[in-house]
Amino acid sequence: MGNKFRKIGVLTSGGDAPGMNAAVRAVTRTALARGVEVMGIYGGYRGLIHDDMIELKARNVSNIIWRGGTFLYSDRCLEFKTEEGMQKAIENCKKHGIDGIVAIGGDGTFRGATDLSVRGIPTIGIPATIDNDITATENTIGFDTAMNTVLDMCDRLRDTCVSHARCNVVEVMGRGAGDIALNTAIALGAVAVVIPEMPFDADATVEKIRHLREDGKRSFLVIVSEGVENFAEGFAKRIQDETGVETKFARLAHVVRGGSPTLGDRMLATKMGVHAVDQLLAGKSNLVLCQRDSKITTVEIVYSQCLDRMYKGTLKEGMLDQFSEEKIAQMKAEIEQKKKDIADLYTLAEETAR
Ligand code: ADP
């Protein structure tokens, strides 16, 4: 390939996600196959600042493709946001001869990747978060596993709900994104789903449960995204008080972040890991891996970040100035499509929950 890369670093940062190990493995094996050495950096950017890293050989990443969590550990490192911390990280890269980095994590991790890139350490991001809240990619690593864990947990709850003719209100993770809640609600046949992206008619839902109970339905499941704050527990009480159906509340919380990654997440992690290394060795930097139209590709981190901000309505003055009219139109079209996809899924959930 005739490139300048002799050694790269790989790290996992921010909230962990099943499939991070599979991504580290793919990055390591691909780099080694291209004749490039690999340093595994412990604890995200903290390991870069505090010089906590080991050389990874092919055998160091054996037998991890199926493991949850991240064997490189993850951390939230505030020091990395300071210029002093950043300089320490760059010094350590120089000391170890690290010519580029693959940073596996969420949007915070990509901001760190940009900071490294603009200071001369080419860095590529791989999106790994159960929340699926990176707008530029159809899927993030960990999302599929998290949804399957929710299915497993709620199927168990359903067993006992049917036995006792109960309702269960289940809160699931997702930060500001309702993706986990919406998709699992459909796959579980939940009677209602509450997500931050769509208005929710609580009165109508209570009425619906009352009516369905009269009609003979024994068990009910309501899925609530954690992005709708301080709602789920109170709503469970309300259902019980107003319908007479015994209703339990459950917060699945971090259990959904663990476990062995699904086939889908192992595949995504492997494809993205390979592609990330090839992009880095081809001289690219400041990019994030994406799956778009089912294909693995990249977009600039700044594009991904502005797209997220546009989606959340948090764009700041002048942020779009760097983009052409054509790019801005493309961003707007992507946002419209995403909103439409969510609205369509929500309709599907409602229509099948009777
Ligand atoms: P995630 O990557 O899952 O979104 P965080 O938001 O916690 O998780 O970000 C992970 C890490 O990335 C932070 O602990 C910090 O080290 C680094 N980071 C986050 N934001 C920035 C930033 N603005 N500049 C530099 N580094 C950042």
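In the predicted model, a backbone N or O atom of Gly-106 lies 2.9 Å from an oxygen atom of the ligand, a polar contact in the sense of a pair of N or O atoms within 3.5 Å. A backbone N or O atom of Cys-77 is likewise placed 2.6 Å from a ligand oxygen atom, and the side chain of Thr-109 brings an N or O atom to 2.5 Å from an oxygen atom of the ligand. The ligand taken alone exposes 550 Å², of which the protein buries 87% (Shrake-Rupley method, 1.4 Å probe).

The ligand is surrounded by 15 residues, the closest being Arg-76, Cys-77, Asp-107, Thr-109 and Asp-115, where a residue is counted if one of its heavy atoms lies within 4 Å. Helix α4, residues 107–118, contributes six residues, the largest share of this shell; helices are DSSP runs of H or I with at least four residues, and strands are runs of E with at least two, numbered from the N terminus. By class, the shell comprises three nonpolar, seven polar and five charged residues, with Asp, Glu, Lys and Arg counted as charged and Gly among the polar residues.

The chain as a whole has 11 helices and 11 strands. Along the principal axes, the C-alpha atoms fill a box of roughly 70 × 50 × 35 Å.

Residues are numbered from 1 along each chain as its sequence is written, and side-chain values use heavy atoms, with hydrogens and water left out. As the model is predicted, local features need pLDDT of at least 70 and side-chain atom pairs count only at pLDDT 80 or more, whereas totals for chains, interfaces and linings use all residues.

How values were computed:
Polar contact = N/O pair within 3.5 Å; in protein donor to acceptor, adjacent residues only side chain to side chain.
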